[in-house]
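Visitor: I would like to learn how to read a structure like this one, feature by feature. Could you give me the general idea each time, and then the case at hand?

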Amino acid sequence: ETNTAQNGSSMQRVMQANAWPVFKGKYPLHNLHVSVVGPFGFRPEIDYGTMSPNEIGKSIAGPYLQFRPDKQRQYFSIWINSSSGTYYQDVLFIKTAASWAWSSHLYKGGSKNKHLIHRWNGPGFPKDYSESEWYKD
């Protein structure tokens, strides 16, 4: 989705993706807070309180991942903190010949003791995209 956003005193084109939270697990997460940093810096933290598996009827806000369409690679870090642990998710958008594609890695633990829990590739994300390409720049 393409929008315009105010950055300081000027309006500029931005790409926007919604990051809807998906809960997978057996037990509730208490004191759940999510923070996002991306091309526009830190975004406001979202306080989810308690999130339970298969919750129905609760309106859930998801962070907007906004970036400028003039760069070929756009990177986001999402910190997920709860009383039961720390997680973080890296999201990478890349411009392919056809359109924008995304991939995401979810980790448990901090930066020194992290371990990969799950990896997702969106439609059109190159299957041969190397791990070292993820974190360059």
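Visitor: How many helices and strands are there in the chain?

Guide: Helices (H or I, at least four residues) and strands (E, at least two) are read as DSSP runs and numbered from the N terminus. The chain has one helix and ten strands, and along the sequence these follow the pattern β-β-β-β-β-β-β-β-β-β-α. Please keep in mind that this is a predicted model, in which local features need pLDDT of at least 70, side-chain atom pairs count only at pLDDT 80 or more, and totals for chains, interfaces and linings use all residues. Residues are numbered from 1 along each chain as its sequence is written, and side-chain values use heavy atoms, with hydrogens and water left out.

Visitor: What share of the residues in the chain is buried?

Guide: A residue is buried at under 20% relative accessible area, exposed at over 50%, and partly exposed in between (1.4 Å probe, protein chains only). Of the 137 residues in the chain, 36% are buried. The accessible surface, computed by the Shrake-Rupley method with a 1.4 Å probe, comes to about 8,800 Å² for the chain, and 53% of that belongs to carbon and sulfur atoms.

Visitor: Which residues of the largest nonpolar core touch the most other members?

Guide: In soluble globular proteins, nonpolar side chains tend to be buried together. A nonpolar core is here a set of buried Ala, Val, Leu, Ile, Met, Phe, Trp, Tyr and Cys residues joined through side-chain atoms within 4.5 Å. The largest one holds 21 residues, and Leu65, Phe76, Ile80 and Phe93 touch the most other members. Two or more residues each come from strand 2, strand 3, strand 5, strand 6 (64-67), strand 7, strand 8 and strand 9, with strand 3 giving the largest share, four residues. Apart from this core lies another, of five residues, among them Leu92, Ile94, Ala101 and Phe125.

Visitor: Which residues does Val36 touch, beyond those up to four places away in sequence?

Guide: Contact means heavy atoms within 4.5 Å. By that rule Val36, which is found in strand 3, touches Gly41, Phe42, Arg43, Pro63, Leu65, Phe76, Ser77 and Ile78. Val36 counts as buried because its relative accessibility is 3%. From Val36 to Phe76 the C-alpha to C-alpha distance is 7.0 Å, although the two are 40 residues apart in sequence. Across the chain, 46% of the contacts between residues at least 6 apart in sequence join residues at least 24 apart.

Visitor: Is Ser103 buried or exposed?

Guide: Ser103, in strand 9, is buried, because its relative accessible area is 1%. Leaving aside neighbours within four places in sequence, Ser103 is in contact with Asp90, Val91, Leu92, Trp120, Asn121, Phe125 and Trp134. Ser103 and Leu92 are eleven residues apart in sequence and lie 5.4 Å apart, C-alpha to C-alpha.

Visitor: What is the phi of Asn31?

Guide: Most residues other than glycine have a negative phi. Asn31, placed in strand 3, has a positive phi of about 55° although it is not a glycine.

Visitor: Which residues lie nearest the centre of the largest pocket?

Guide: On a 1 Å grid over the protein atoms alone, a pocket is an open set of points where a 1.4 Å probe fits, with protein on both sides within 12 Å along at least five of seven lines, and lining residues have an atom within 4 Å of a point. The largest pocket is lined by 31 residues, with Pro21, Val22, Gln89, Leu106 and Trp120 nearest its centre. Strand 8 gives the largest share of this lining, four residues. The lining divides into 24 nonpolar, five polar and two charged residues, where Ala, Val, Leu, Ile, Met, Phe, Trp, Tyr, Cys and Pro count as nonpolar, Asp, Glu, Lys and Arg as charged, and the others, Gly among them, as polar.
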